[in-house]
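Open your viewer and get ready to click through a few stops. At each one, you will be told what to select and what to look for.

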Amino acid sequence: MIIRVLIAVVLAVPAYFYTMRYNMHMFQQNGYKNKEHLHWLKKKFRLQWILYFGLALGIVTCVFPYLALEIFEYLVLLVIIVVYRAMKRMNTKKKLVYTARVKRLLTTELILTAAVFALVCGLGGMNRIPGLCLILVSVNLFLDIVANVINHPMEAGINQHYINDAVRKLKSVPGLTVIGVTGSYGKTSVKFYLQTLLQEKYNVLVTPESFNTPMGVVRTIRGSLKPTTEIFVCEMGARHVGDIKEICDMVHPDHGVITSIGPQHLETFFNMENIQKTKFELADALPEGGMLFLNGDNDYIKQQAASSAYDQTPEKIFYYSETEGTGYCAKDVKVSQLGTEFTVVTPDGESERFQMRLIGAHNVINVVGAIAVAHKMGMTLQELRIPVRRIEPVPHRMQMREHGLVTIIDDAYNSNPVGSKAAVETLAMFDGIRILITPGMVELGDKEAEYNHKFGNYAADCCDYILLVGRRHTEPIREGVLEKGFPEEKCLVFDKLEEAVSYAYAIKGQGHKYILLENDLTDNY
């Protein structure tokens, strides 16, 4: 019996740590949210079916501790080791970060596992240990959630300490102006464009990269806010109703920018009404005298802004690039492969011609929004001409990289219907072999297949080759592509991004190659 137990333990230890690491990685990518992780486990049932099977087998073996079942258990544990070790070796796009929170969760999980194992041994259940080992390995599916529930009071206390410290630091900076930036898409771009424009005259701090969660904002404030900071541009992300309000209650924005409202994160918002209300939580938080800058091209924004709740507060300032209205308007837009030119007309009738290196007419609306904010913050249009020329593409957002006879257009962070359509339309204006590589769009709820199908329709009109990554997500895109009469031999599906890129480089033909990398799904997809 002792030998059977030793074999089970020796196999279970590496299997336990491999499965624990993988599921913690996915739990981190799901934002440490219990409901989202449970939803992910349900969607990805086939990905970890071996653990569900192992859980059932372990329970049966504990009830009927026969040698034949135990031998079968050993084989299952070996399979688990091989599979999850391979997963660990894979080149993941976003590595597991061993933050303090992750370390606390792992510690709690180890204590729980050790306690259960010791309890069974203490009760004299030696013949149950082989089955118990497989159970303890398999429950790593749910152990993160259990540990998260146990640690919640401690995590809430730690987070509140950091939040209180950030609030104190914000209050300690005299005359600080806080500008909140939110939107379904475009918020990160507008944030960095504002930094480029405003830093010509002010000492500006922005939240780095895509730091747009409460704790990301807290980390920025605690680590980077200085007594000399004059303007803090705070990006505010949301996946649930109330997320924007939570950040606003902490930073108390003086002004706000809503860059767009669209079908983003419909899996967690459920409907467009919730998205509209959540984005306008920024408007609700602005004080008397605050300015709210709104994308006038966006119908959802115009609809929400017209509601009676926003008749009095705050001052609404619209900006436009495709339509006209009372506000800041872009006119005479000219787009080339080298950049974009346009004229901005202010509400007072003042105008100025601008040039920028960003490609695509869809970028104009975000730059006009940044110009509107900077102008209202005291900068003249003339002063803004040079900084507009200095605006750089935000990493992975229509960022161009030259590689000899190949130009990569990196739009990997774009995952919304409006931006994806604009990206392929921009690709269409290039003179050469136009190649789209994409895994499609996610987090669009019940509308996901519909939006991906429409994306296929758009792409068929704009591309010479369409290379799809992953079969399940991209099937609606392929259907939309072929529906438009696109050549089937030029619409191919690959399992990995690297395979699609290699094929794109190998395509023979006359002319320069332009490869658009549209969206890049995280590991939990």
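Select T407 and E402 and show their side chains: a polar contact of 2.7 Å joins them. A polar contact is a pair of N or O atoms within 3.5 Å; within protein, one must be able to donate a hydrogen and the other to accept it, and residues adjacent in sequence count only if both atoms are side-chain atoms. You are looking at a predicted model, in which local features need pLDDT of at least 70 and side-chain atom pairs count only at pLDDT 80 or more, while totals for chains, interfaces and linings use all residues. Residues are numbered from 1 along each chain as its sequence is written, and side-chain values use heavy atoms, with hydrogens and water left out.

Stay with T407. Is T407 buried or exposed? T407 counts as buried because its relative accessibility is 1% (buried means under 20% relative accessible area, exposed over 50%, partly exposed in between, with a 1.4 Å probe and protein chains only). Leaving aside neighbours within four places in sequence, its contacts (heavy atoms within 4.5 Å) include M400, H512 and Y514.

Now switch to the cartoon view. T407 lies in strand β11, residues 406-411 (helices, H or I with at least four residues, and strands, E with at least two, are DSSP runs numbered from the N terminus). Across from T407 in β11 stands E402. Strands β10 and β11 pair in the antiparallel sense over five bridges (two strands pair if DSSP finds at least two bridges between them).

Next, select the whole sheet. Six strands form an open sheet with mixed pairing, in the order β10-β11-β15-β12-β13-β14. At its edges are β10 (399-403) and β14 (491-494), each pairing on one side only.

For the next stop, find the aromatic rings of Y16 and F17. Their centres are 5.4 Å apart and their planes stand at 90 degrees, so the pair is edge-to-face (rings of Phe, Tyr and Trp, its six-membered ring, pair if their centres lie within 6.5 Å; planes under 30 degrees apart count as stacked, over 60 as edge-to-face and the rest as tilted). Y16 is buried at 7% relative accessibility, whereas F17 is partly exposed at 42%. Then select F45, Y52 and F142, which form one aromatic cluster.

Finally, show K490 and Y465: K490 lies over the face of Y465, at 5.1 Å from the ring centre (a charge sits over a ring if NZ of Lys or CZ of Arg is within 6 Å of the ring centre and within 35 degrees of the ring normal).
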